[in-house]
Structures are given as C-alpha cells and as structure tokens.
Amino acid sequence: MRLLPTFFAVSLLLNVSVPASGHADEIGMATGYPPYQFNQDGEPVGFDVDVTKAVFNHLQKEFNLHQYDWDNVVSLLRYGELDIAIGMESTSVRQTYFDFSQPYYHRLATLFVLDQDSSPESVRKLVGKRISGDRHSILEQHLKELGLHNAIRIQQADSKKESMAQLAVGEVEAVIMPEQVGLYLAKEMGIGVRILWQPEIRVPVSFAVKAGNTKLLEQINRALKHLEETGAMDKVRQRWNIQHWIITPNGL
C-alpha cells in the first residue's frame, strides 16, 4: 500500500503479524500520547495499542501500525491512505468524514496550566493568549459554545509531549489534553501543573474508519463485543489503569 511521501518520511512502520493470510490493514496511531499511544524503546505501546492487538488477534487478521503526529493520522485516514485510526475521539465534525466503532473507553477533556502564581486563574484570563490543543476536540467545541474560541488562539503541536514542553517554557499559557495524558506527561517531565478547567464531558473514544467502510467497521465491533463479554477488555483497562465509565443516555 502506498503512503503519501510527505508523511511516509516521518512514519514508524511496525509489522504485527497474527495467524492469518490476505490483506493487512494499515493502522495509524499518534506519537507522544501516553498512556494511550506512544513509543517506548522503538516499539509502539499503550492502551490503544493493546486493544488493537486484542481486536486483530480475535479477528485473525494482520495489520501494520504507523506512527505520525495526530493531524497526519487524521488526514491519511480521510484520504484513504490508512484503513483505521485507533483511539480517535468521536466528535460531530469528525463524524462527517469517518465512521466510528462502538466506544471502548471515554476520556475526560482537561485544560492544564502551570502550577504557579502567575498562571491564569480562569478560562477568561486566557483571552488573547495561546493554548495548545487538537483540532476539532470536544473542549475546543465547548470554547465555541462559550463564545471564547475566536478570543483564544489555539495552536497545534506534533504531540502532547511537545505541547507540555511548550507549556513548561511559556510558549503557550495552557494545554488541552485528556486528564490522564496530562498527568502522565507532567510527572514524566517533572513539570508542576494544575487543572484550570474540566467540563464534565466524557468523550467517547473509538476505532475510526473512512466513512462507508461498513465491512471493516462490523468486524471491529464484533471483536470489541467479544472482548467486553469475555472480560478481556477489562484486563487491558486494568493493565493501563484506565477507568471504565458506563455512559447512559443522560451522560452519567
């Protein structure tokens, strides 16, 4: 399968084989997104990676993992150069381009600042300031609802680790990332942070495929259902200390 040359130069291709034959699905994952997706000693690791291995082991299918910055993962999936993106938050904007599996966990969107007296004490204190966050994130949508999106400059970094590093040296005033990612990186990098804002929004996270790829989506959902029913998914969650929220129609 041909990958766009612009992106291929920065990819890390990892072949993961299971007892199967035929087409190997091309899967995109992010760099620097612990504990969900990251690289350790040249190997892809994280909760999403372990779930992917479990899904494809059940399906007896082969797959290749490619690591890019997240914006490139989204672009490559949209234009058909990848078959799947793992660990994608299902937002209304993204649902225009992709179909999503049933969620296999939920993240808590969080806005972090440095834990120091000079840091902003409210979201409105960020007006005119720069923050780092993903395009089309749930928290970005929430800023729009508050009428603050155009007043706060949101920029992207290649990874959440880079975002945290930018926060540490004052290149940005705040960072948007899931709570567990922020706490993990802050501890790893020795950076004191505090939560400035955390709306009670449990963000569903799924496998994403290009819109219309119903066959692949059905296979993934079948495997996820099996993993949930057998308790295998809970074992993976426990391994990475991932909380499993049961989301009802009322959001609780």
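A search of the whole predicted structure finds one cavity of 30 Å³ or more. On a 1 Å grid over the protein atoms alone, a cavity is a set of points where a 1.4 Å probe fits but cannot get out, whereas a pocket is an open set with protein on both sides within 12 Å along at least five of seven lines; lining residues have an atom within 4 Å of a point. The largest cavity holds about 170 Å³ of space, a volume being the space filled by probe spheres set on the points, with grid points joined across faces, edges and corners. Its lining comprises 18 residues, of which Tyr33, Glu89, Arg107, Asp134 and Pro178 are the closest to its centre. Two or more lining residues come from each of strand E6 (84–89), strand E8 (105–114), helix H4 (138–145) and strand E11 (174–178); helices (H or I, at least four residues) and strands (E, at least two) are DSSP runs numbered from the N terminus. By class, nine residues of the lining of the largest cavity are nonpolar, four polar and five charged. Here Ala, Val, Leu, Ile, Met, Phe, Trp, Tyr, Cys and Pro count as nonpolar, Asp, Glu, Lys and Arg as charged, and the others, Gly among them, as polar. The largest cavity lies between domain 1 (25–106 + 203–240) and domain 2 (108–197), because both give residues to its lining; the domain bounds come from an automatic or database domain assignment.

The second largest pocket contains about 150 Å³ of space. Fifteen residues line this pocket, and Trp70, Asp134, Ala157, Asp158 and Ser159 lie nearest its centre. Helix H3 (70–78) and helix H5 (160–168) each contribute at least two residues to the lining of the second largest pocket. That lining has four nonpolar, six polar and five charged residues. Domain 1 and domain 2 both supply residues to the lining of the second largest pocket, so this pocket also lies between them.

Residues are numbered from 1 along each chain as its sequence is written. Because the model is predicted, local features need pLDDT of at least 70 and side-chain atom pairs count only at pLDDT 80 or more, while totals for chains, interfaces and linings use all residues; side-chain values use heavy atoms, with hydrogens and water left out.

Helix H2 (residues 47–59) and helix H7 (residues 214–230) cross at roughly 105°, and their axes come within 9 Å. Axes are lines fitted to C-alpha atoms, for helices over the stretch in contact, and angles run from 0 to 180 degrees between N-to-C directions. H2 is therefore roughly perpendicular to H7, a term for angles of 65 to 115 degrees; those under 35 count as roughly parallel, over 145 as roughly antiparallel and the rest as oblique. In this contact (heavy atoms within 4.5 Å), Val51, Ala54, Val55, His58 and Leu59 of H2 meet residues of H7 including Gln219, Ile220 and Arg222. The axes of H7 and helix H8 (residues 232–240) are 4 Å apart, at an angle of about 80°.

A cis peptide bond, with omega about 5°, joins proline 34 and proline 35. Proline 35 is in the loop between strand E2 (25–30) and strand E3 (38–40). Glutamine 60, not a glycine, has a positive phi of about 55°.
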